[in-house]
Amino acid sequence: MASLANKGSSLVSTLMTQARPKLNVFMKYAKVELTPPSPGDIPAIRDGIGRIISGARTGAWKNLTVREAWLNTLITMEVCFWFYAGECIGKRHLVGYNV
């Protein structure tokens, strides 16, 4: 039993030493990407939304390259999937609400 505890302890320490660099990279990007927008970011957000609306009105979306259209599609799908995941977490069920 003692040898099993020693093996488990060494396995955990090895796992931690191997995972530490990856966790550090994750934390570096998480601090940048997962922060909420600051008040200084609001004008840039407004300008971006305005460009999207004006592009939809003028038909600028017709002049996109295939790569740009594909990236826009992937981003839209990601937003929809995160919305759905948030809904599932919020209602604590995959289907329907508990009435």
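Cys80 is partly exposed, with a relative accessible area of 45%; here, buried denotes under 20% relative accessible area, exposed over 50%, and partly exposed the range in between, computed with a 1.4 Å probe and protein chains only. The model is predicted, so local features need pLDDT of at least 70 and side-chain atom pairs count only at pLDDT 80 or more, whereas totals for chains, interfaces and linings use all residues. Residues are numbered from 1 along each chain as its sequence is written, and side-chain values use heavy atoms, with hydrogens and water left out.

The structure contains zero disulfides, a disulfide being a pair of cysteine sulfur atoms within 2.5 Å. Cys80 takes part in none, and its nearest cysteine sulfur, that of Cys88, is 13 Å away. Cys88, likewise in no disulfide, counts as buried at 13% relative accessibility.

Helix α3 covers residues 66-91. Helices are DSSP runs of H or I with at least four residues, numbered from the N terminus. Just after α3, Arg92 adopts a positive phi of about 60 degrees.

Leu74 lies in helix α3 and, at 35% relative accessibility, is partly exposed. Together with Trp70, Leu71, Met77 and Phe81, Leu74 forms a nonpolar surface patch with about 520 Å² of accessible area. Accessible areas come from the Shrake-Rupley method with a 1.4 Å probe.

Key: Helices (H or I, at least four residues) and strands (E, at least two) are DSSP runs, numbered from the N terminus. The expected span of a helix is 1.5 Å times one less than its number of residues. Patches are made of residues with over 30% relative accessible area and no salt bridge: like charges are joined within 9 Å, nonpolar side chains (Val, Leu, Ile, Met, Phe, Trp, Tyr) within 5 Å. A salt bridge is a side-chain nitrogen of Lys or Arg within 4 Å of a carboxyl oxygen of Asp or Glu.
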